[in-house]
Amino acid sequence: MPRARKRRRLMTEENPQSSNEEQNLIGVQTAAPVEEDVSSSSTRSSVPSSSSSSSSCSCSSSSCSSHSSSSSSSSSSSSSSSSSSSSSSSSSSSSSTSSSVGSSSDSESSLGRKPRKRRKRSSSTESDSSDSESLSSREVDEKVNELVYFFLLKYQTKEPVTRTEIVDNVMRNYEGSFTLILNEAIECLQLVFGLDLKEVDPTNQIYVLITAMGITYDGMQTEVHGVPKTGLLIFILSLIFIDDNCVSEKEVWKVLGIIGVRPDSYHHLYGNPGKLILEEFVQEQYLEYRQVPNSDPARYEFLWGPRVLVESTLMKFLRFLSGLIGNEPSYFPVWYEEALRDERERAQARLPEAHNAATDAAATDAPAADAAATDAPAADAAATDPAAAPGSGNL
């Protein structure tokens, strides 16, 4: 199994946005907070108790959208590498964090007690924009939460989902806001649970839920059963990616602490985060955990494990990260060039594999071809002399 290669550590002047992008990543993650014991719904009651009791959560979709927009502008200003933009990004992240961990201030509540401007995702949103404008932020958030729970139920049972089911179970009387609510729910699924909604039948509008980024692990059987842990894994892998494939354990826990995940505190979605990360993610070979050479006292760091580049690619991570802040992958030229180089290397590696496969197929067919060639003279003789054909004796 190929190991993730050590990426060249980039100097600050060559890639000034690295530290700022870490702040953007934190900001987007904190803008999709997960809260316990929110208002109940009919959809929520249908979720198995293993998840509904221990993973009651609320994705504040409008907060997520508005912060994604602010992250985009923050990223643009970070190209100038000014220290003021970095501190501004940090303060923005701190503000979102207070909402994520349950601030008592109404203005920072993740349920959206104050109206917030939502990010416009696509032109299709315009078709239901008039109906969406009539909904309060709280109403939209509640429907997003219901839809997220409905999707989680479908993921647990490995069942496909149709648009008709979504409307009948969640969006009855809200069809005019279907596109808006669906997009917000998909974003929360990606950020919190690491799931994607994939359309498998456009004609009948049938979808399936899959783990994002090509990652095959979901952690459903760990401590908090029935809850995907892929979102946390992708978040940590993204931190490593933007820090040149190596980040200290201290930095990881510092950043995770901002979004309410601490090594010594039980988390309603992830259970014991320390055990999940240091044991589960490492044993599954998504993370490599090693001591920093010559460190005294001993310090440790995280790298991508070998399984990451088997299942995913640098380009997938770059598209994911750039999409979070509303930019194209080429906005980050250093990372983009590295991702393109990785794509070329993968394509070149596939050529010998394809050639070997063709050679093996030809070798497999060779005995049959030889047998046919051996039988050909007998067939010709039978055609020339019918008496020579088997079973042609006189009656």
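Phe 151 is buried, with a relative accessible area of 0%; buried means under 20% relative accessible area, exposed over 50% and partly exposed in between, for a 1.4 Å probe and protein chains only. The structure is a predicted model, in which local features need pLDDT of at least 70 and side-chain atom pairs count only at pLDDT 80 or more, while totals for chains, interfaces and linings use all residues. Residues are numbered from 1 along each chain as its sequence is written, and side-chain values use heavy atoms, with hydrogens and water left out.

**Aromatic pairs**

The count of aromatic pairs comes to 11. Rings of Phe, Tyr and Trp (its six-membered ring) pair if their centres lie within 6.5 Å; planes under 30 degrees apart count as stacked, over 60 as edge-to-face and the rest as tilted. Two of the pairs are given here.

| Pair | Ring centres apart | Angle of planes | Class |
|---|---|---|---|
| Phe 150 and Phe 151 | 6.4 Å | 45 degrees | tilted |
| Tyr 217 and Tyr 286 | 5.8 Å | 50 degrees | tilted |

Phe 150, the partner of Phe 151, counts as buried at 5% relative accessibility. Tyr 217 lies in the loop between strand 3 (206-211) and helix 10, and Tyr 286 in the loop between helix 12 and strand 5 (287-291), so this pair ties together parts that are 69 residues apart in sequence. Helices (H or I, at least four residues) and strands (E, at least two) are DSSP runs, numbered from the N terminus. Both tyrosines are buried, Tyr 217 at 7% relative accessibility and Tyr 286 at 0%.

Ring pairs also link Phe 241, Trp 304, Phe 317, Tyr 331, Phe 332 and Trp 335 into a cluster.

**Helix packing**

Helix 10 (residues 230-242) packs against helix 12 (residues 273-283) at an angle of about 85 degrees, and their axes are 12 Å apart. Axes are lines fitted to C-alpha atoms, for helices over the stretch in contact, and angles run from 0 to 180 degrees between N-to-C directions. The two helices are therefore roughly perpendicular to each other, a class that covers 65 to 115 degrees, with under 35 roughly parallel, over 145 roughly antiparallel and the rest oblique. Leu 232, Leu 233 and Ile 236 of helix 10 make the contact with Leu 276, Ile 277 and Phe 281 of helix 12, where contact means heavy atoms within 4.5 Å.

**Cysteines**

Zero disulfides are found in a search of the whole structure, a disulfide being a pair of cysteine sulfur atoms within 2.5 Å. Cys 188 is buried at a relative accessible area of 0%, and Cys 246 is buried at 7%.
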